[in-house]
Amino acid sequence: MQKKVRALSTPLNRVNAVRDELTKSVRSADKNTYVDLRFEAGEGKAVATQNGNALGASSDYDFALGVRAIVKANGFTGMGFAGQSLSLRGLEKIRPLVQRLKVLAVKRAKLNVSLKPKLKKAHGL
């Protein structure tokens, strides 16, 4: 009988566990709104030595989250973006953060697309 090997619980594993859920959560039901999620994770490891003797070791993680929204209205397309850097503590609150960034990105895209007809008229395009 084989022994089960338990995966190490790292911040990257925690993100992977909720990745699909978060990606689905930003999708819009509105056919004129497209939203996507971008997540960047970095992992750094370091070892310090002096004269061949180990002085210490460290590891670090950094994360960034971004949401892009594209809205179509009145023959125009507008884009909106929202993003934030995250700490390890921020990962614990990633679900509500994704929703806040989605709302902000869509709001910015709607504002962008609402201004385009006025700009077109003002510049004679």
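A salt bridge here is a side-chain nitrogen of Lys or Arg within 4 Å of a carboxyl oxygen of Asp or Glu. By that criterion, a search of the whole structure, which is a predicted model, finds 3 salt bridges.

Figure 1. Three strands make up an open sheet, in the order 1-2-3, with antiparallel pairing. Strand 1 and strand 3 are the edge strands, each pairing on one side only. On average, and with direction ignored, neighbouring strands of this sheet are turned by 15° against each other. Strand 1 covers residues 33–50 and strand 2 covers residues 53–73, while strand 3 covers residues 76–86.

**Figure 2. Pairing of strand 1 with strand 2.** These two strands run antiparallel and are joined by 18 bridges. Within the pairing, Thr33 stands opposite Val71, a residue of strand 2.

**Figure 3. Salt bridges around Asp36.** Asp36 forms a salt bridge with Arg68, and the closest N and O atoms of the pair are 2.4 Å apart. Asp36 lies in strand 1 and Arg68 in strand 2, so this pair ties together parts that are 32 residues apart in sequence. The side chain of Asp36 also meets that of Arg38 in a salt bridge, at 3.9 Å from N to O. Asp36 has a relative accessibility of 11% and counts as buried because the cut-off for that class is under 20%. Arg68, at 21% relative accessibility, counts as partly exposed.

**Figure 4. The salt bridge between Glu43 and Lys45.** The closest N and O atoms of Glu43 and Lys45 are 3.4 Å apart in this salt bridge. Glu43 is partly exposed, with a relative accessibility of 44%, whereas Lys45 is exposed, with a relative accessible area of 60%. As for shared partners, salt bridges join Asp36, Arg38 and Arg68 into one network.

**Figure 5. The largest pocket and its lining.** The space in the largest pocket comes to about 160 Å³. Its lining consists of Leu12, Val15, Asn16, Arg19, Leu22, Thr23, Leu37, Arg38, Phe39, Ala41 and Ile94. Helix 1 (11–26) and strand 1 are the elements that give two or more residues to this lining. Helix 1 gives the most, with 6 residues. Sorted by class, the lining of the largest pocket has 7 nonpolar, 2 polar and 2 charged residues. Arg38 is one of the lining residues, and the side chain of Arg38 is also a salt-bridge partner of Asp36.

**Figure 6. Asn51 in the loop between strand 1 and strand 2.** Asn51 lies in the loop that links these two strands. Although Asn51 is not a glycine, its phi is positive, at about 55°. With a relative accessible area of 74%, Asn51 is exposed.

**Figure 7. Asn74 in the loop between strand 2 and strand 3.** Asn74 is placed in the loop between strand 2 and strand 3. Asn74 is not a glycine, yet has a positive phi of about 55°. Asn74 counts as exposed because its relative accessibility of 71% is over the 50% cut-off.

Key:
Residues numbered from 1 in each chain as written. Predicted model: local features only at pLDDT ≥ 70, side-chain atom pairs only at ≥ 80, totals over all residues. Heavy atoms only, no water. Helix = DSSP H or I, 4+ residues; strand = E, 2+ residues; numbered from the N terminus. Buried < 20%, exposed > 50% of the residue type's maximum accessible area, 1.4 Å probe, protein only. 1 Å grid on protein atoms, 1.4 Å probe; cavity = no way out; pocket = protein on both sides within 12 Å on 5 of 7 lines; lining within 4 Å. Points joined across faces, edges and corners; volume = space filled by probe spheres on them. Nonpolar A, V, L, I, M, F, W, Y, C, P; charged D, E, K, R; others polar. Pairing = 2+ DSSP bridges. Axes fitted to C-alpha atoms, helices over the stretch in contact; angles between N-to-C directions.
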